[in-house]
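Hello,

Here is the structure I said I would pass on. My notes on it follow below.

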Amino acid sequence: MSVPSSFRSTLGVPTALVLSLCVAACQPQPETVATSESCVVPRIASSFERLPPAARPADETPRSGILPTPVLSDAEGVAAGDCIRPTLFQIAAASDNVRLRGSAGWTRISAQFYPSEHGRYIEVAVNPLAVGYLRFEDGPSLPVGAVIKKHGFRAFQSGAVRPGPQFLMEKMPPGYDPRVGDWKFTLIADTGTTVGETLGRDGDKVEFCVACHKSAWRQNFLFFVPPEYRRKS
Ligand code: HEC
């Protein structure tokens with residue numbers, strides 16, 4: 001597996017030094033856009049490689065309770081996210097979903113990739129009509145055309161960092177879906193292909209989005225970014 005030199009060079013180096021190196025080295029480099037397989041968490045990759053091949057855990061999707069999900073430190077999550085972000089944008093740019101295709105320049109809301117459920121590390125971005133999201137719990141009900149995106153990655157048993165699915169919420173005209181404040185939920189697979197959109201194509205595959213987000217009715221059906229990961233603007 002090929003590994004960017006900035007990642008290799010951090011092996012065995014104290015975290016504080018890694019952090020300061022990362023300020024310069026972990027920025028996305030436009031001329032060397034990483035592929036998903038070139039992003040690794042060095043600490044996990046090196047302990048995986050030290051195991052005899054027969055003793056290595058299967059490099060499969062971590063499943064809670066079956067295969068443990070690697071837990072990353074904050075610095076590892078940030079470095080892995082900065083490495084994989086260009087790949088997530090490439091997937092978005094080639095997607096069949098027109099909203100996702102235009103999303104690379106949206107305003108990032110989270111200060112860094114942060115841990116979500118199921119071993120995912122995520123970040124949240126909004127289109128210009130959704131800037132009211134920046135006021136979080138105190139924010140207004142967002143206008144028609146506001147779109148919020150959540151994308152992220154997972155770290156695997158081998159240390160590989162791979163793109164995850166991408167999630168959209170788009171505010172639709174009044175009456176679209178009164179159950180959830182007229183938000184439309186769209187799930188886009190890690191390949192960039194749309195899985196389904198609520199009350200639209202393959203809507204049954206994404207009804208589970210409604211079931212959960214309904215519980216956030218007190219705050220416009222949004223869950224928001226935890227305070228410690230909000231970008232200070
Ligand atoms: C089991 C509950 C649950 C389900 C199911 C769920 N979400 Fe979420 N969603 C969350 C939580 C919690 C957050 C806050 C960020 C995080 O921790 O992942 C969130 C955040 C989001 C955000 C960022 C906006 C916000 O709420 O702050 C989007 C966009 C989103 N989800 C879309 C979707 C889509 C699309 C689906 C279905 C494919 C879906 N969600 C299914 C719980 C859920």
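Helix 4 is mostly covered, with 14 of its 20 residues buried. Please keep in mind that this is a predicted model.

Helix 4 runs over residues 74-93 and reaches 28 Å from its first C-alpha to its last, close to the 28 Å expected at 1.5 Å a residue.

Next, the ligand. There are 19 residues around the ligand, and those that come nearest are Ser116, Phe167, Cys209, Cys212 and Phe223. By class, this shell has 15 nonpolar, three polar and one charged residues. At least two residues of the shell come from each of strand 3 (120-126), strand 4 (147-155), strand 6 (166-171), strand 7 (183-188) and helix 6 (207-213). Helix 6 gives the most, with four residues.

The last item is Gly159, in the loop between strand 4 and strand 5 (161-163). Is Gly159 buried or exposed? Gly159 counts as buried because 24 other C-beta atoms lie within 10 Å, and the cut-off for buried is 20 or more. Leaving aside neighbours within four places in sequence, the residues in contact with Gly159 are Val40, Val41, Ile44, Ala45 and Phe48. Glu49 is 110 residues from Gly159 along the chain, and the C-alpha atoms of the two are separated by 9.4 Å.

Regards

Methods
Residues are numbered from 1 along each chain as its sequence is written. This is a predicted model: local features need pLDDT of at least 70, side-chain atom pairs count only at pLDDT 80 or more; totals for chains, interfaces and linings use all residues. The expected span of a helix is 1.5 Å times one less than its number of residues. A residue is buried if 20 or more other C-beta atoms lie within 10 Å of its own, exposed if 12 or fewer, and partly exposed in between; C-beta atoms are placed from the backbone. A residue is near a molecule or strand if its C-beta atom, placed from the backbone, lies within 6 Å of it. Ala, Val, Leu, Ile, Met, Phe, Trp, Tyr, Cys and Pro count as nonpolar, Asp, Glu, Lys and Arg as charged, and the others, Gly among them, as polar. Two residues are in contact if their C-beta atoms, placed from the backbone, lie within 7 Å.
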